[in-house]
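These notebook entries record what I looked up in one structure.

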Amino acid sequence: MEIKKLEARPFFEAVLDFLESDKRTLLVRGLFNQDKLTVILQAMREAPNIKNGVFVTGYISEVPRLFNDSLISRDKFKNPRLKTNYKIANTTIHFEKQEQSVEYNFAFNTDLAVFYPVESALFDEKRTNKVISKLEHSKATKNILITTNDYSNRAEKLYPFVDEVLILDTSSIDKKHTEKAKIIESNLKTEGREMPY
């Protein structure tokens with residue numbers, strides 16, 4: 001398994017490479033949640049082989065908060081519903097609940113399954129096992145897991161189930177990102193912990 005830490009442009013290119021490769025499952029890590037989702041959506045828009053997909057999410061009511069900052073205005077969600085088709089990033093997608101029907105196959109004839117967010121499920125072993133089971137039952141051609149609040153080593157629990165790990169480093173993209181990264185690092189040091197990557 002490969003682990004790479006990349007800045008925005010090389011990260012985007014690595015995601016495109018993954019989408020066109022024989023690899024099946026990618027774990028996306030990084031400090032900035034919106035940046036990760038935004039780059040994944042950009043890659044979906046550019047990848048010629050991604051026409052349909054499913055977003056596996058925790059709670060459908062959280063979709064507008066989680067997604068809208070990464071979407072152009074015409075694609076923003078107001079009241080999304082499970083199993084309803086939407087068009088985002090030139091891809092027809094629908095939403096599924098992360099912890100529902102975890103023992104059943106899903107995403108048949110689907111180019112991409114994106115699990116977002118996965119980090120909160122990693123705090124509890126039962127929930128982690130449900131995410132892993134859901135991933136193992138995905139029949140999508142490609143799977144991408146995107147962490148959120150990724151300030152620990154918890155995401156490493158997923159390493160045995162992925163082909164590649166890409167870490168998006170946008171800490172130097174602007175002053176705001178640089179300051180936030182320093183605050184996160186300082187807070188972790190105060191707790192006696194180190195940055196996970």
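**Entry 1. Helix 1**

Against which strands and which helix do the buried residues of helix 1 pack? I worked throughout from a predicted model. The buried residues of helix 1 pack against strand 1 (2-6), strand 2 (25-30), strand 6 (112-115), strand 7 (142-146) and strand 8 (164-168), and also against helix 2.

I then listed the residues concerned. Phe11, Phe12, Ala14, Val15, Leu16, Phe18 and Leu19 are the buried residues I noted in helix 1. The helix covers residues 8-19, twelve in number. From first C-alpha to last I read 17 Å, close to the 16 Å expected at 1.5 Å a residue.

**Entry 2. Leucine 19**

I next looked at leucine 19, which belongs to helix 1. Is leucine 19 buried or exposed? Its relative accessible area is 1%, under the 20% cut-off, so leucine 19 is buried.

Leaving out residues up to four places away in sequence, I found leucine 19 touching Ala43, Ala47, Asn49, Ile50, Leu112, Lys142 and Ile144. I also checked phenylalanine 55, which is 36 residues from leucine 19 along the chain; the two C-alpha atoms are separated by 16 Å.

**Entry 3. The largest pocket**

I turned to the pockets. The largest pocket has a volume of about 240 Å³. It is lined by 15 residues, of which Glu62, Arg65, Leu66, Pro117 and Thr148 are the closest to its centre. Helix 2 (33-46) and helix 3 (63-67) each supply at least two of the lining residues. Sorted by class, I recorded four nonpolar, eight polar and three charged residues in this lining.

**Entry 4. Threonine 148**

Threonine 148 is among the residues closest to the centre of the largest pocket, and I looked up its surroundings. Threonine 148 sits in the loop between strand 7 and strand 8. With a relative accessible area of 7%, threonine 148 is buried. Residues up to four places away in sequence aside, threonine 148 touches Asn33, Lys36, Tyr116, Pro117 and Glu119.

**Entry 5. The second largest pocket**

For the second largest pocket I noted a volume of about 190 Å³. Which residues line the second largest pocket? I listed Leu31, Phe32, Asn33, Gln34, Asp35, Asn149, Tyr151, Lys176, His177 and Lys180. Helix 2 and helix 5 (175-190) each contribute at least two residues to this lining. By class, the lining has three nonpolar, four polar and three charged residues.

**Entry 6. Salt bridges**

How many salt bridges does the count come to? I recorded 13, and examined several of them.

I began with aspartate 150 and arginine 29, whose side chains meet at 2.7 Å, N to O. Aspartate 150 is in the loop between strand 7 and strand 8 and arginine 29 is in strand 2, so this pair ties together parts that are 121 residues apart in sequence. Aspartate 150 is buried at 0% relative accessibility, and arginine 29 is also buried, at 0%.

The side chains of arginine 127 and glutamate 99 form another salt bridge, at 2.5 Å, N to O. This pair links distant parts of the chain, 28 residues apart: arginine 127 is in helix 4 (residues 125-136), and glutamate 99 is in the loop between strand 5 (91-97) and strand 6. I found arginine 127 partly exposed, with a relative accessible area of 23%, and glutamate 99 partly exposed at 30%.

I then noted one network, in which salt bridges with shared partners join Glu2, Lys4, Lys23 and Glu164. Within it, the side chains of lysine 4 and glutamate 2 meet at 3.6 Å, N to O. Lysine 4 is partly exposed, with a relative accessible area of 29%, and glutamate 2 is partly exposed at 35%.

**Entry 7. Histidine 94**

My last entry concerns histidine 94, found in strand 5. Its relative accessibility is 17%, so histidine 94 counts as buried. Which residues are in contact with histidine 94, leaving aside neighbours within four places in sequence? I listed Gly53, Val54, Phe55, Lys83, Thr84 and Asn85. Glycine 53 and histidine 94 are 41 residues apart along the chain, and their C-alpha atoms are separated by 6.8 Å.

Definitions and conventions
Residues are numbered from 1 along each chain as its sequence is written. This is a predicted model: local features need pLDDT of at least 70, side-chain atom pairs count only at pLDDT 80 or more; totals for chains, interfaces and linings use all residues. Side-chain values use heavy atoms; hydrogens and water are left out. On a 1 Å grid over the protein atoms alone, a cavity is a set of points where a 1.4 Å probe fits but cannot get out, and a pocket is an open set with protein on both sides within 12 Å along at least five of seven lines; lining residues have an atom within 4 Å of a point. Grid points are joined across faces, edges and corners, and a volume is the space filled by probe spheres set on the points. Helices (H or I, at least four residues) and strands (E, at least two) are DSSP runs, numbered from the N terminus. Ala, Val, Leu, Ile, Met, Phe, Trp, Tyr, Cys and Pro count as nonpolar, Asp, Glu, Lys and Arg as charged, and the others, Gly among them, as polar. The expected span of a helix is 1.5 Å times one less than its number of residues. Buried means under 20% relative accessible area, exposed over 50%, partly exposed in between (1.4 Å probe, protein chains only). Contact means heavy atoms within 4.5 Å. A salt bridge is a side-chain nitrogen of Lys or Arg within 4 Å of a carboxyl oxygen of Asp or Glu.
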